[in-house]
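Thanks for coming. I will go through a few parts of one structure, one after another, and you can follow along on the screen.

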Amino acid sequence: MIITTSKPYEEVLKELEGEDKVFIVGCGSCATTCETGGEEQVAEMKAKLEAEGKTVTGTMVYEEVCHELNTKRKFRENKEAVEAADGFLVMCCGAGVQSVREATEKGVHPACNTVFLGNILRQGNFTEKCSLCGDCVLEDFGAICPVTRCHKGILNGPCGGTDEGKCETDKEKDCGWTLIYNQLEKMGKLDRFRRIYGLKNWQANMKPGRVIFEKKGEGGE
Amino acid sequence: MTLLIDKHVKPSIQEILESGTFLVTGEIGPPKGTDIDEMIHHIDLLKDKVHAMNITDNQSSVMRYPSLGTALIIKERGGEPNLQVTCRDRNRLAIEADLLFAYTRGIRSVLCLTGDSIPVGDHKEAKGVFDCESVQLLQIIRNMEEGKDSGGNELQGGVQFYKGAIVTPEADPIEPQMIKFEKKIEAGAQWFQTQAVYDMDNFKRFMERARKINDKVKICAGLVLLTSMGAIKYMNANVPGVFVPDHLVKEMAEAPKGEALNTGIRIMARQIRQCIDEKLCDGVHIMAIGKEDVVPRILEEAGVDITKM
């Protein structure tokens, strides 16, 4: 799940300066779960912008705004409202915003901040456990990620800042390395903790990341 | 090979510790800005009173005059620097380049630290680097000593440092900390300075554990000067891995008005004496944190004169 938070409304208004006719795009996937760009939030935004004197030429909320071909198709399906708009307000993650960028030459504006790849603890409560490093180390650390769950992302044990199992940056946050230690101890695998971990390859996923899978059956007769 | 500063006027930390002499180090906290007169005054004041001086590296994630530059000033003034290197502000390329420079300027001792986190400092929106951390930094240096950088490329001239590291006796929980201590030794650490210790009973327990893990590696107790009740309250509440025990809090609280600093001096002198008399460790590291002026008094009260050790 890609976790997003809503930008302050004033910031959104500033983005839309000079664009009186706006089309709003929401996302039926992550932004709906995050309640930052689902049907409800899109309707609220429409009402607020209209109260501001703007014209909302149309809205749409569909699954996976990040799917570029699908987004282009949705834009074609809503041709009239899309063409009437000066710009687009996209209420989902940065991937979705840039997917819309590919579908139009007009102004495209983010309504959200994209914060992390998150786990859902319960409704409206998310936590970051994976930072997409491209070279998964979970096998070595009892399936608890030091790259993400230690603030410093260090690989050889806790720093001196751990206090009662909490992090020096925030007493509300667990020290990832204490979690890893406890987990490996429980599993009888502290030898993994004792092993020196060499320098990590931070370029395993060289930005901008790109993955192309070969299609099954392709290349044969 | 030509070392531009090759006159070692002082014995190195390695020579002192390996000769079995009790090591006494102080600490220089560089200023925030270019007014370095007071720092130079502190260097001059301490250079013959302690065997060597640590130079903090953007301590507590607060941007300051650089540790490497200060290490050179200490050499210029005839003192012995212990260069602190953290992994917070520099990636492996920058650290390696700094180490090449440090070696050619006659710096012989490097203390390898991960570094505090960015949010505790004064550049809260900066990007924390942490490309490597303390254990990996020790490995990087060992590789450089063998003539290779961390990319595996040959160096035209390597380095040689007495490699130090830190350990936190007050860490909670302590077990992972002790494993990390062991890993640092495996990665090449030859000596340790501890984070601040106040509770000497806990320090003794820590030393017993540490000696069981390795009885060769040199360990120096890190002592931080208590200056006021406010400072104690702040440290107990905010400084990770530091705990001032009740009996010292009481001693400071009972100090007559205006006597808090003197009481702090007396406490540290007593702790230094205890470390020496009870042979608890191989040396002490005195962190006066802004009160460097009183370090000679602390040593005098402790009856420590490095020229007679």
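This is a predicted model: local features need pLDDT of at least 70, side-chain atom pairs count only at pLDDT 80 or more; totals for chains, interfaces and linings use all residues.

Why do I call strand 1 of chain B largely enclosed by the rest of the structure? Because six of the six residues of this strand, residues 23–28, are buried.

Now the partners. Strand 1 of chain B runs parallel to strand 8 of chain B, residues 283–287, and three bridges join the two. If you want a place to look, Leu23(B) has Gly283(B) as its bridge partner in strand 8 of chain B. Strand 1 of chain B also pairs with strand 2 of chain B, residues 52–55, in the parallel sense and over four bridges. There, Thr25(B) has Ala52(B) as its bridge partner.

**Two helices of chain B**

Next, helix packing. Two packed helices are described by the angle between their axes and the distance between the axes. For helix 10 of chain B, residues 260–277, and helix 11 of chain B, residues 295–302, the axes come within 8 Å and cross at roughly 50°. Helix 10 and helix 11 of chain B are therefore oblique to each other, and the crossing is right-handed. On the helix 10 side of chain B, the contact is made by Ile265(B), Arg266(B), Met268(B), Ala269(B), Ile272(B) and Arg273(B). Helix 11 of chain B brings Arg297(B), Ile298(B), Glu301(B) and Ala302(B) to that contact.

**Chain A against chain B**

How many residues does each chain put into the contact between chain A and chain B? Chain A gives 26 residues and chain B gives 31 residues. On the chain A side, the elements giving two or more residues are helix 8 (176–186) and helix 9 (190–194) of chain A. Helix 8 of chain A supplies the largest share, three residues.

**A hairpin in chain A**

Last item. Strand 8 of chain A, residues 166–167, pairs with strand 9 of chain A in the antiparallel sense over two bridges. The two strands form a hairpin with two residues between them. Lys166(A) has Asp174(A) as its bridge partner in strand 9 of chain A. Is strand 9 of chain A, residues 170–174, well covered or hardly covered? Hardly covered: among its five residues, the count of buried ones is zero.

Note on methods: Residues are numbered from 1 along each chain as its sequence is written. Chains are lettered from A and ligands numbered from 1 in the order in which they are written. A residue is buried if 20 or more other C-beta atoms lie within 10 Å of its own, exposed if 12 or fewer, and partly exposed in between; C-beta atoms are placed from the backbone. Two strands pair if DSSP finds at least two bridges between them. Axes are lines fitted to C-alpha atoms, for helices over the stretch in contact, and angles run from 0 to 180 degrees between N-to-C directions. Angles under 35 degrees count as roughly parallel, over 145 as roughly antiparallel, 65 to 115 as roughly perpendicular and the rest as oblique. A crossing is left-handed if the near helix is turned anticlockwise from the far one by less than a right angle, and right-handed if clockwise. Two residues are in contact if their C-beta atoms, placed from the backbone, lie within 7 Å.
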